[in-house]
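Dear colleague,

Please find the structure below, handed over for your work. My findings follow it.

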Amino acid sequence: MKILFSPPAALQFLAAAVTAGENEFSGIGFCKRTKDALEVYDLRVLHYGGYASTTITPEALAGVLSEPGVVQDDLRVWIH
């Protein structure tokens, strides 16, 4: 199975990696599953950590899930 990123999701991932530099970052993503791929359409960085770890609080995750228009069934991606 392939993992495909929409252009906005790819830019979000690249921006997170550049911002983090040599440090860790983590968050969640939303995708649609097709026959041959997971198509990632949105990413949310929830924490920029240190050199070896990140910490995501339950409140940060709950904040994303309570946003209007969020499809909780599409929450299938962990970014790190």
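A salt bridge of 3.0 Å, N to O, joins the side chains of Asp74 and Lys32; the term denotes a side-chain nitrogen of Lys or Arg within 4 Å of a carboxyl oxygen of Asp or Glu. This pair links distant parts of the chain, 42 residues apart: Asp74 is in the loop between helix H2 (58-65) and strand E4 (75-79), and Lys32 is in strand E2. Helices (H or I, at least four residues) and strands (E, at least two) are DSSP runs, numbered from the N terminus.

The model is predicted: local features need pLDDT of at least 70 and side-chain atom pairs pLDDT 80 or more, while totals for chains, interfaces and linings use all residues. Residues are numbered from 1 along each chain as its sequence is written, and side-chain values use heavy atoms, leaving out hydrogens and water.

Asp74 is buried, with a relative accessible area of 6%, whereas Lys32 is partly exposed at 42%. Buried means under 20% relative accessible area, exposed over 50%, and partly exposed in between (1.4 Å probe, protein chains only).

The whole structure holds 3 salt bridges. Asp42 and Arg44 meet at 2.9 Å, N to O, and both are buried. Glu67 and Arg44 meet at 2.6 Å, N to O.

In H1, the buried residues are Ala9, Ala16 and Ala20. Seen down the helix axis, they fall within an arc of 25 degrees (directions from the axis to the C-beta atoms), so they line one face of H1.

With kind regards
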